[in-house]
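Trainee: I'd like to learn how to read a fold with you. Can we take it one feature at a time?

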Amino acid sequence: MRTVRTTEHNAYQIHYHFVTLVKYRKAIFGSSDRSHTLYKICKEIEERYSIEFEQLGIDTNHVHYLLSATPKFSPSNIIQIIKIITARELFKKHPDLKKELWGGELWTDGFFIATTGEGGNRDMIRGYVKNQCIKSDQLKLFDF
């Protein structure tokens, strides 16, 4: 069981699973330098905001985030922070991305979010996110 995190006024144990899609589903994360840049940007976000990235899963055209964040941020605020900062910094460090994405938007407007508990659900998602990689036979979270 994870420890309870605290801020000046709160104690919490919140875990989110976010998925952001690259605009036009372009496969921009095929090279390790862009993925490495994204990891570094997420570390910088951790230092500045009360967001802890527990796991990052990068596929060619989407990114899975398993994270914990202080309750002062709504899920919409969290994903807004992540999308804005990662887009700005990726475009700054990889200027060729703007040409690939026809106009300078990195992420689609939407996103996926789920909350996870401390039990098997979180561990199942952690394994799923950890095993995200650039391959065609992607793991499925649920069988529908």
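**The loop and the sheet**

Mentor: Let's begin with Y24, which is partly exposed because its relative accessibility is 44%; buried means under 20% relative accessible area, exposed over 50%, and partly exposed in between (1.4 Å probe, protein chains only). This is a predicted model, where local features need pLDDT of at least 70, side-chain atom pairs count only at pLDDT 80 or more, and totals for chains, interfaces and linings use all residues. Residues are numbered from 1 along each chain as its sequence is written, and side-chain values use heavy atoms, leaving out hydrogens and water.

Trainee: Where does Y24 lie?

Mentor: In the loop between β3 and α1; helices (H or I, at least four residues) and strands (E, at least two) are DSSP runs, numbered from the N terminus.

Trainee: What is the phi of Y24 near?

Mentor: Most residues other than glycine have a negative phi. Y24, though, has a positive phi near 60°. R25 has a positive phi too, near 55°, and is found in the loop between β3 and α1.

Trainee: In what order do the strands form the sheet?

Mentor: Strands of a sheet pair through backbone hydrogen bonds, either parallel or antiparallel. Here 4 strands make an open, antiparallel sheet in the order β4-β5-β3-β6; two strands pair if DSSP finds at least two bridges between them. The edge strands, β4 (51–58) and β6 (112–116), each pair on one side only.

Trainee: Over how many bridges do β4 and β5 pair?

Mentor: Strand β5 (residues 62–69) pairs with β4 over 7 bridges, in the antiparallel sense. Q55 stands opposite L66 in β5.
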